[in-house]
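Here is a short tour for someone meeting this structure for the first time. Have a look at the model, then read on.

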Amino acid sequence: MIKLLTLLVLVMAVVTIWRIIRVLELVRDLRGDEEAITDKDNRTNGKLSLWFIVLGFAGMIYFTLDAKKYLLPVAASKHGALTDSFLNMNFALIIVVFFITQFLLFYYAWKYKHKKGKKAYFYPDNHKLEFIWTVIPAVVLMGLIVYGLKLWINITAPAPAEAMVIEVYGKQFDWSVRYSGADNKLGHSNFKLITDDNPLGVDAKDASSEDDKTARELHIPVGSIINFKFHSRDVIHSAYFPHLRAQMNCVPGMTTEFTLEPTITTDSMRLITGNPKFDYVLLCNKICGVAHYNMKLKLVIESADDFKKWYKEQSYVFAKPQAAPVVEPAGMSDTAKVAKTESEPAKVVAAR
Ligand SMILES: [Cu+2]
C-alpha cells in the first residue's frame, strides 16, 4: 500500500511540474518574451547532464550492491559454477560497456553544449570508425555464443555409465523419487500400472524394479555424478534445483534427463550462508495448477557414508517377499546369507 501511495505521489509530482512549466510558457507567451535559449540555459543543462551521470551511476551501484542479498548463494554443482562464471563474465562486459558509453553520452552533452557564435562541425560518417564499432561487438558476441554453446553441449552431454540413476516423478501436486538400486537401472513404469500402492506405476515384472527404492526426501552424495530421469503423471512440471543451477521439464509420456555433480554438502552450505536452517530444495517451476506452490521437496547433499546410511533405511518400491524356506547351498555361512539379503545402496561413484 505504501509503495502504491509513493508511486502515486511521484506521478502527481511529475504531473504538477509539467503543469507549472506549461503555465510558465503561457505567461512568457502573454508577455511576448523572445523564445530564445540563452548560453546560461545551455550551461545549466550541461551541468545537469554531469549531475545526472554522477547520481545515476551512484544510484546504479548502490541498488546493484543492495540487490545482492536476493541472489542465490554460490552454485552447489560443478556445471553450476561454470554457468555462474559465464553469467558473471557477461555482467562484467555489460557493466564496462554501460559505464563507458553512458559516461561519454552525458560528458559530451556537457562538453559540446552550444555557445553563442559556435557552429557545429558537420561530420556525417566515418567508415573506419563504423567498421571498428561493428566488428568489435560482433567478435565479442560471437566469442560469448561459441563459449556458451560449448558449455551447453558439455552440460547436456549423455550421462556417463557410472552415473547414479534417480527418477524424479512429478504429479499434481508433489514430487516422488525412486532410486535405481544396486543394478543402477530403474524398473520400467507405465501409467496403466498406477494404483494406490504403486503410485509411480512401476512394473513389478521387470527384474530391474526389484531393488528400486523410494524415499520421502531426495538425498544425493556429494562428488558423485547423478543422472536424474524426469517423469510426469499429468501435466508438464518443471523440476528446478535453484542451488544446483539445474532445471528440466517433466513431460507426461516421455523421459527427460539432466546429469549433474553436487559439490557442496548441505552442512557446508549452512556454514557458507550463515543460516543453520538452510536446506536445498527441489521446486516446480511451471505453473501446473492450483496447488503448484506445494511442489517442494527437501534435497539433502551429504557425504557418501551418510548417504549409504540413509539409503539403507529407505523402503523398496515393492515390499520384499518374506524369506521363503529355501534350500541353502551347502556350506553357505550365516554371514554370507546376511550379506546376500542386505540392501545394497546405489552406486556412489567418484567425481568425473
Ligand atoms: Cu508442477
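## Ground rules

Two strands pair if DSSP finds at least two bridges between them. Helices (H or I, at least four residues) and strands (E, at least two) are DSSP runs, numbered from the N terminus. Residues are numbered from 1 along each chain as its sequence is written. This is a predicted model, where local features need pLDDT of at least 70 and side-chain atom pairs count only at pLDDT 80 or more, while totals for chains, interfaces and linings use all residues.

## The whole chain

The protein chain has seven helices and 11 strands. Its pLDDT (the predictor's confidence in each residue, from 0 to 100) averages 87, and 90% of the residues score at least 70. One stretch to treat with care is residues 323-346, where pLDDT stays under 50. Where pLDDT is low, the predicted coordinates should not be read in detail.

Two residues are in contact if their C-beta atoms, placed from the backbone, lie within 7 Å. Take the contacts between residues at least 6 apart in sequence: 72% of them join residues at least 24 apart.

Strand β5 (residues 226-232) runs antiparallel to β8, and five bridges join them. Ile 226 has Leu 260 in β8 as its bridge partner.

Strand β6 (residues 237-241) pairs with β7 in the antiparallel sense, over five bridges. Ala 239 has Met 248 in β7 as its bridge partner.

## The core

A residue is buried if 20 or more other C-beta atoms lie within 10 Å of its own, exposed if 12 or fewer, and partly exposed in between, with C-beta atoms placed from the backbone. Buried residues make up 20% of the 352 in the chain. A nonpolar core is a set of buried Ala, Val, Leu, Ile, Met, Phe, Trp, Tyr and Cys residues joined through C-beta atoms within 7 Å. The largest one has 38 residues, and those with the most contacts inside it include Ile 166, Ile 226 and Leu 282. Strand β1 (residues 164-171) gives the most to this core, with five residues.

Why does Ile 166 count as buried? Because 20 other C-beta atoms lie within 10 Å of Ile 166. Ile 166 sits in strand β1. Ile 166 and Ile 226 are 60 residues apart in sequence, yet 7.2 Å apart in space, C-alpha to C-alpha. Beyond four places in sequence, the contacts of Leu 282 include Trp 175, Ala 239 and Leu 299.

## A pair of helices

Helix α3 (residues 78-111) packs against helix α4 (residues 127-155) at about 170°, with their axes 11 Å apart. The two are therefore roughly antiparallel. Angles under 35 degrees count as roughly parallel, over 145 as roughly antiparallel, 65 to 115 as roughly perpendicular and the rest as oblique. Among the residues that meet here are Leu 82 and Phe 86 in α3, and Leu 144 and Tyr 147 in α4.

How values were computed. Axes are lines fitted to C-alpha atoms, for helices over the stretch in contact, and angles run from 0 to 180 degrees between N-to-C directions.
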